Amino acid sequence: MSGGDGHEEDSWLQLGNAGGGTVNNIAYTPSECYQKGLEINPKRNDLWNNLGIVGGGTVQDKHYSKVDCYLQSLTYNETCSESWNNLGTAGGGSLKGTNYGKADCYQKALEGNDKHEDAWYNLGTQGGGNVKGTHYSKAECYQKVLELNKDSADGWNNLGFVGGGKVGTESFSETECYQKALELDERRGGCWNNLGTMGGGTVKGKEYSKQDCYQKAVELNNRNADFWSNLGFVGGGSVSGTFYSEKECYQQALDYKPQHADAWFNLGVLDGGQVSNQEYSKVDCFKKVLDSDPKHADAWNNLGVHGGGLVQGKTVTKEECYQKALQYNPDHADAWSNLGFIGGGLVGTTNYTQMECFQKALSLNPLSADLWFNLGAIGGGSVKDQPYDKGQCYAKALSLNGKHEDSWNNLGFQGGGQIGDTNYTEAECYQEVLKYNNKRPDAWTNLGAVGGGEVGGKAHTKAECFLKALECDPKYPDAWANLGHAGGGNVGGKAFNETECYQRALEIDGKRADTWCELGAAGGGSVQAKAYDAVECYEKALALQPNHVGAWFLLGVAGGGTVANSQVSKSECYQKALTYDPKHVEAWNNLGFAGGGNVSNTTYTKAECYQKALEQDPRRADSWNNLGVVGGGSVKQQMVTPADCYQKAIENDDKHADAWFNLGSLGGGILPGQSSSVSPVDCYVKALESNPKHVESWINLGYEGGGSVKGQAYTPAECCQQALGIKPDNADFWFNFGTVNGGSLNGHNYSKVECYQKALELDSKHSDAWSNLGLAGGGYSNSRQYSQIECYQKALEYNPKHEDSWINLGTVGGGEVSGKRFTKADCYQKALEINDKNAENWNNLGNAEGGTVKGKAYSEVQCYEEALRLEPKHVDSWNDLGVAGGGEVGGKRFNKTECYEKALELDPTHADAWSNLGFNGGGTVNGKPYNKAECVQKALEMNPKRFK
């Protein structure tokens, strides 16, 4: 290089632009070349500009940064577009007291040269700006670049990044812009990444998927965390011949950029992993996201899903996590849904209920099957002012996703429903679940609970469904409990009975109140090596669920127990059951049987309890029968007698043995819809045909003289034998057997005396048995012989109001009772004080010459008159009234003869009346006169031994 021509600085400029070189055997860099030129001419703006481009340098012993260089250039040429553009790329600066930002610099560059491609591009990167009074958006800036240079890959890439636009007269989509950029420069990793975000595209006639695009991006720049993260998001891929899994991609991203929030988030979604030789759990990953980006709504939401945690030194609950997510993104549907899952909460200054949270979620994402399911699970609600019940919510979920298993399962729980034009039964809903996932134990259990059904072309019984559920999950307690309901079954090669199934369910989950109740109903069992009887099982159920209606009811059936350290009677148990379920028919019925009680501060009698049961279920035969037993009452404002009640019971259950027995005890009656009446015998026979062991019916059938049961005739004695065969330890039945003179039982023939003795062995205070043993002449009892009189005395010792025993004691002349002597008249008087309607006993008192009854004295005649007032056809009283000289009966006076005639009209075989009529001179009997001799002859015909 020669000097002295006045333009030596141009040579230095040219040498610098050429990359530097050697001058006089000295090597010069481009920067040194520009510095040399500026030492010659410090006002050359192009030299200052180029020195800035190469990073600045030292001129005349002063160091200039690149910004200083551009400012020096502009000091000498303020319209230099190149320097303004470069000053912008260097971050801007202050010129002549004015500060210029990056965008300002690019605008100044374009005011000097509106065809400066780089300045338009750079202005676009700053969001656009004003040039010569016109505003240009960033898209318009890139369009200007491409108008100037259609081969600008950067221009096409950035135009794509802002959504595409028109270039010339042709419009280009975002994808088309990236494709144009890559056709110009296939080595642009960022552009491949951008094309991937659009789902891929075609470059130079070849189709690339989004995964292909991300792979290309990483191959071009394998240290770019965004590229790795995006490749992970599409499931991973092959880079330079090596396959990287989704998780490995996120790990690669974090190796290059440890603060990459999205990569941490996605690694957390994959349950975490190792980054830089350290293991991170999913929760750790979400926390790392929030360390980098505290406003990352998805990370807050997911951290909440996993229970919350420590973020930047502060512990946050799951509720606070969801609230944070919604603070940073109020339209985060999942966060609204999750906040609803935990019952709702405060967002901003508004408190949202669980339902409101689900409604918010659906208003943001009405096409989410999961969200519709969630709303249904809490009973439904309104979405965009339209109400949806739970069934409709599940139907909406299924209209969006026909394979949404949980919605099918819950729709089944609702009894089924309509999806589109098809109506699905409960069983069909569970079958749909199992069509998509036959490993769901809950769906198998639910299908079994409705009786089973066909799955995969094979029919399954309910028991088989429960067994299938246990194949899926041997520890699924619902399946064990339901298998117990079905009577048990074979699981894993081992047979389990009903009780064992309930035990297994409770060993898996000891807090199942229903199953404790069921174990109790099965008689109790052993759980975790501890034995529980039925009562203890019900008590366990109530400890877990104090409002468990079934447990209260069954504890009552078991006689009551101890709940919350307090003893409760069976009546109190039924009252508790009815407090929680006032429509529990069986509880009302049983409360009546227990004598009635107080329910919700109202006292109910036995009859009122049965009436309440019948108001709920008018077809309940037991309650009709029980209402009859307590005298009937009013049911639905209609009065019913006991007979009506028994007839209603039989109408609803014609095999109700108790109702037939009770109707028989009332003398029978006419059944609804029938014209003829049923006799007591018919009723007892019906009872026994329904229940051959209904002992009371056997006894009463015997009282009625016996009858035919199922084609076999039974005498009174045989009826008693049947009763004693069922209940041999019943003293009353032995007594009744004696009244029919006994008979054969279990190979031994019992006399009537032996029957009464058996009754007394079982009940030494059985007054009827003592009285009848006396009538039979006395006998042994408890190894001691009792006379006839002693038997009557024993009867009266145990029952001083035993009428028959007073009469019987009188017939044997009286005796001592409780230390006091009673004549036969005294005995008859005692009997009449107990029952003054007994004509036979009035006759007895007359035979004893009369006495005092209830403070009134009666003569012999008055006693006979009283007997005939009660029983006008009492033959002995007519005869005895005649012997006493006659008297007044029914307002008419009868002499002696007329009395004997009345006796003989009633009983022509009465020898004493014939004899007395003869001794009185004869008379007329049934229209025929008899003289004295004829009367005596008639007496002898009736009783030949009378006058011997």
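1. Helix α4 passes helix α5 in a left-handed crossing. Left-handed means that the near helix is turned anticlockwise from the far one by less than a right angle. Helices here are DSSP runs of H or I with at least four residues, strands are runs of E with at least two, and both are numbered from the N terminus. This is a predicted model, in which local features need pLDDT of at least 70 and side-chain atom pairs count only at pLDDT 80 or more, while totals for chains, interfaces and linings use all residues. Residues are numbered from 1 along each chain as its sequence is written, and side-chain values use heavy atoms, without hydrogens or water.

2. Now the geometry of this pair. α4 covers residues 66–76 and α5 covers residues 81–89; their axes come within 9 Å and cross at roughly 155°. The axes are lines fitted to C-alpha atoms over the stretch in contact, and angles run from 0 to 180 degrees between N-to-C directions. The two helices are therefore roughly antiparallel, a label for angles over 145 degrees.

3. Which residues of α4 and α5 make the contact? From α4 come Val67, Tyr70, Leu71, Ser73 and Leu74; from α5 come Ser83, Trp84, Asn86 and Leu87. Contact means heavy atoms within 4.5 Å. Six of these residues are nonpolar, three are polar and none is charged. Nonpolar covers Ala, Val, Leu, Ile, Met, Phe, Trp, Tyr, Cys and Pro; charged covers Asp, Glu, Lys and Arg; the others, Gly among them, are polar.

4. Asn85 also sits in α5. Is Asn85 buried or exposed? Asn85 is buried, at 3% relative accessible area. Buried means under 20%, exposed over 50%, and partly exposed in between, with a 1.4 Å probe and protein chains only. Beyond neighbours within four places in sequence, Asn85 touches several residues, including Cys105, Tyr106, His116 and Asp118.

5. Strands β23 (residues 416–419) and β24 (residues 422–425) run antiparallel and are joined by four bridges. Strands pair if DSSP finds at least two bridges between them. Gln418 stands opposite Asn423 of β24. The two strands form a hairpin with two residues between them, and Gly420 in the turn has a positive phi of about 65°.

6. Two residues other than glycine also deserve a look. Lys96 has a positive phi of about 55°. Lys96 lies in the loop between β5 (93–95) and β6 (98–100) and is exposed at 62% relative accessible area. Asn601 has a positive phi near 70°. Asn601 lies in the loop between β33 (597–599) and β34 (602–604) and is exposed at 75% relative accessibility.

Key: Angles under 35 degrees count as roughly parallel, over 145 as roughly antiparallel, 65 to 115 as roughly perpendicular and the rest as oblique.
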